[in-house]
Amino acid sequence: MIAARAGLAALAAAGTLATTLPAAQAEGTVNIYSYRQPFLIQPLLDAFTEKTGIETEVLFLDKGLEDRIAAEGSNSPADVILTVDIGRLMNAKEKGITQTVEDETVNSEIPSEFRDPEGHWFGVTTRGRVVYASKERVEQDTITYEELADPKWKGKICMRSGQHNYNIALFASMIAHHGEEKAEEWMKGLKANLARKPSGNDRAQAQAIYAGECDLGIGNTYYVGLMINNEKEPEQKDWAASMKVLFPNSEDRGTHVNISGMAMAKHAPNRDNALELMRFLGSSEAQSIYAETNYEYPVLPGATVSETVQSFGKIKPDSLPLAEIAKNRKAASEMVDRVGLDDGPAS
């Protein structure tokens, strides 16, 4: 135990954003390794502790979480992994740092399209990959992903790097629906319509719309909620007010959604407590808290959606299982490079 604790302390010292966890197998505790910042999940964890009496300890990393758990091996104190994006959940599974969870409660709460068929990961909330559109310059209120390649949008679209996980998941869904050949032609059209070289984060695309640099941007729904309610940087409220949210393909297959998710660590020392947390995160109570705090959509049908999120409009999620979409991630990444998407529009 002492050796395990010493190893963990050394690793924590190496990561500037990490908090030190207690020794493994602390009674009445569940240890969480998280890509989500602690303040975003604290309301959930407080509710969990109040309900179960089980204390939580969180280690936050903004990168390298999977590699860290792999390096810790069987001495890892990690019980539950919390992360965003299907890519990171698949990466954790592929690195062999998760274990199968076959639990009737968890499976009944979380729809099959939002969980791994083999039980290695489970969605907790979803976010739509939508189109931000200028209220002033875009008259239409509906759009499709396919339309983003229409020449009528030439010089009018902004986006972050095509290699970002959120865009890779979207492109993987295009491959899943259309095949590689058609998806690549579509991506070439998207590239031709860019107003500038892809850069910044999703909020930067909203800022560019506000500044008149582009008419459309590609971004996640929850960033809109974060901007609308940003008291520390009130200029972001103006960015959000200048645009409307369009849910692509709402009249046919539905809008591409990604997930924030959870997995049980392979060597979870507090497995029973970890399972209790996973059951709680799938419950209606937790789903509503998580969705309210992070401006996301619950995966549990019927769970409460925040008023801010409801103000965006109604989302019809693409029903294609995320596990099927994730199979195309590598092809999507290679396509981004092949097309030269991140080079921006041709001169």
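Trainee: How much space lies in the largest pocket?

Mentor: Please keep in mind that this is a predicted model. In it, the largest pocket holds about 810 Å³ of space. Its lining comprises 26 residues, and those nearest the centre are Q37, L40, R203, Y222 and Y223.

Trainee: Which elements give two or more residues to the lining of the largest pocket?

Mentor: These elements are α2 (38-52), α6 (165-178), α9 (221-228) and α12 (284-294). The most is given by α9, with three residues.

Trainee: How do the residues of that lining divide into nonpolar, polar and charged?

Mentor: In the largest pocket, ten lining residues are nonpolar, eight are polar and eight are charged. The second largest pocket, with about 340 Å³ of space, is lined by 19 residues, and Y297, P298, V305, I315 and P317 are the closest to its centre. The lining of this second pocket divides into 13 nonpolar, four polar and two charged residues. Both β10 (297-298) and α13 (307-310) supply at least two residues to that lining.

Trainee: Let us turn to a helix. Which residues of α4 are buried?

Mentor: The general idea is that an α-helix has 3.6 residues a turn, so residues three or four places apart point the same way. In helix α4 (residues 86-94), the buried residues are I86, G87, L89, M90 and A92.

Trainee: What is found at the start of α4, and what just after this helix?

Mentor: At the start of α4, the backbone nitrogen of G87 lies within 2.7 Å of a side-chain oxygen of D85. Just after α4, G96 has a positive phi of about 75 degrees.

Conventions
Residues numbered from 1 in each chain as written. Predicted model: local features only at pLDDT ≥ 70, side-chain atom pairs only at ≥ 80, totals over all residues. Heavy atoms only, no water. Buried < 20%, exposed > 50% of the residue type's maximum accessible area, 1.4 Å probe, protein only. Helix = DSSP H or I, 4+ residues; strand = E, 2+ residues; numbered from the N terminus. Polar contact = N/O pair within 3.5 Å; in protein donor to acceptor, adjacent residues only side chain to side chain. 1 Å grid on protein atoms, 1.4 Å probe; cavity = no way out; pocket = protein on both sides within 12 Å on 5 of 7 lines; lining within 4 Å. Points joined across faces, edges and corners; volume = space filled by probe spheres on them. Nonpolar A, V, L, I, M, F, W, Y, C, P; charged D, E, K, R; others polar.
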